[in-house]
Amino acid sequence: MTTAALPRTALRIRLAAVPDGLPEPRHFRLDRTPLAAPEPGQVLVRNRYFLVFPGLRTLIGGRTEGLPLPSLAAGDALFGPAVGEVVAAPGDGRLRAGDLVVHMAGWCDHALLPAEQAVPADEVLPSPVAHLAQGAAPYGALTRLARVRPGDVVLVTGAAGAVGTLAGQIARLLGAARVIGTTRSPHKAERLVSELGYDHVLVDAPGRQPFPEQLREAAPEGVDVVLDTVGGAQLAAALGAARQGARVALVGALGGQLSPDTAGDRAPVAIDTFHLVLRGISLHGYSGADHPDVESEWNRRFGGWLRSGEIRFPHTEIEGLDRAAAALPDLIAGRHFGAVVVRLP
């Protein structure tokens with residue numbers, strides 16, 4: 001493709017103002033900015049999908065100490081995982097026009113980025129959008145930390161989110177005898193059971209039976225494995241239900257990230273360490289950086305499971321950048337099931 005045929009501008013979503021509390025659509029704006037032609041060592045990518053992920057709430061809150069991603073100030077362009085097609089790649093690099101790549105420059109229609117930041121999306125997965133599935137973390141946590149064994153009772157908190165909708169299915173495929181989930185929505189609880197094979201889903205919402213009581217009734221003999229994406233009170237109840245030798249893996253903190261009372265960086269919980277010691281309970285936080293082999297292993301198994309029909313990738317597709325400003329507030333409000341992706345025409 002010649003330079004004359006390349007787009008000269010890009011549409012992107014920016015943070016219009018830092019919110020005092022949870023972000024709303026008015027805190028974002030869509031603008032058009034100049035786009036330079038790529039030089040050798042760069043690639044120009046036309047995005048096809050990008051992921052709306054709750055971690056943006058923490059980045060907008062400015063509390064990024066210890067995180068591998070920068071905070072977002074007013075005027076900054078949003079970013080995140082995306083899948084796109086290479087439009088131009090000058091020089092002798094590995095990428096060529098037409099290649100499908102995964103990168104972190106989402107929330108725009110075109111992205112100019114260093115070639116090394118665009119990872120080829122091989123054909124191990126059957127569809128481009130599947131590359132945005134948030135399954136590597138729960139898979140790594142359930143195979144490296146909690147190590148699901150045949151016959152285990154597994155509890156997944158935040159089961160209706162991007163991680164939880166995959167985690168329950170993964171636990172079952174790894175041999176779990178019973179999988180219990182949690183959510184804030186009765187409708188989502190029904191879908192988790194009818195569509196994704198959860199045995200029982202607890203609804204943690206005002207007016208419902210206290211969550212610890214629900215958990216005791218659902219798992220009277222306790223749970224062997226906990227995959228926690230929420231933190232806070234749900235994690236405390238899960239630890240109370242953990243039986244001898246239980247393994248607990250922490251992969252998220254949605255209770256803090258989606259709370260209007262924090263900057264998205266805290267999900268405090270009181271833990272009875274005497275109980276942990278007495279029952280020999282292990283508690284680990286999962287970091288993908290500590291398990292670099294997991295990503296490729298997950299993609300291979302995920303691709304096979306998708307093709308065989310043994311797993312589903314629940315996700316909501318939102319059409320167009322003009323609707324993207326509401327995507328993060330809607331995710332925080334719990335209006336979607338599974339992962340949330342924006343599809344660009």
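Rings of Phe, Tyr and Trp (its six-membered ring) are taken to pair if their centres lie within 6.5 Å, with planes under 30 degrees apart counted as stacked, over 60 as edge-to-face and the rest as tilted. The structure is a predicted model in which local features need pLDDT of at least 70 and side-chain atom pairs count only at pLDDT 80 or more, while totals for chains, interfaces and linings use all residues. Residues are numbered from 1 along each chain as its sequence is written, and side-chain values use heavy atoms, with hydrogens and water left out.

By the ring rule, the count comes to six aromatic pairs. The rings of Tyr139 and Trp298 have centres 5.7 Å apart and planes at 40°, so this pair is tilted. The pair links distant parts of the chain, with Tyr139 in helix 2 and Trp298 in helix 9, 159 residues apart; helices (H or I, at least four residues) and strands (E, at least two) are DSSP runs, numbered from the N terminus. Tyr139 has a relative accessible area of 0% and is buried, as is Trp298, at 1%; buried means under 20% relative accessible area, exposed over 50% and partly exposed in between (1.4 Å probe, protein chains only). Phe302 and Phe313 form an edge-to-face pair, at 6.4 Å centre to centre and 85° between the planes. Here Phe302 belongs to helix 9, and Phe313 to the loop between helix 9 and strand 14 (315-319), eleven residues apart. Phe302 is buried at 0% relative accessible area, and Phe313 is buried at 13%. Ring pairs link Tyr139, Trp298, Phe302, Trp305 and Phe313 into a cluster.

A nonpolar core is a set of buried Ala, Val, Leu, Ile, Met, Phe, Trp, Tyr and Cys residues joined through side-chain atoms within 4.5 Å. The largest such core has 71 residues, and Leu142, Trp298 and Phe302 have the most contacts inside it. Helix 2 (residues 136-145) gives the most to this core, with five residues. A second, separate core of 20 residues includes Leu202, Ala218, Leu276 and Ile281. Beyond its neighbours within four places in sequence, Trp298 is in contact with Gly135, Ala136, Tyr139, Leu166, Ile170, Trp305 and Ile311, where contact means heavy atoms within 4.5 Å.

Eight of the ten residues of helix 3 (residues 164-173) are buried, so this helix is largely enclosed by the rest of the structure. Among the buried residues are Leu166 and Ile170. The buried residues of helix 3 pack against helix 2, strand 8 (153-156), strand 9 (178-183), helix 4 (186-196), strand 11 (223-228) and helix 9. Gly175, which follows helix 3, has a positive phi, near 115°.

The loop between strand 13 (282-285) and helix 9 (294-308) holds His291. His291 counts as buried because its relative accessibility is 18%. With neighbours within four places in sequence left aside, His291 is in contact with Arg144, Leu145 and Tyr286. Ser287 is found in the loop between strand 13 and helix 9 and, at 30% relative accessibility, counts as partly exposed. Ser287 and Gly140 are 147 residues apart in sequence, with 8.8 Å in space from C-alpha to C-alpha.

In an unreviewed entry, the UniProt annotation "domain: Enoyl reductase (ER)" covers residues 21-342; UniProt positions are given in the numbering used here, feature names are shortened, and annotations may be inferred rather than shown by experiment. The span of residues 21-342 is 27% helix and 24% strand, and its end C-alpha atoms lie 24 Å apart.
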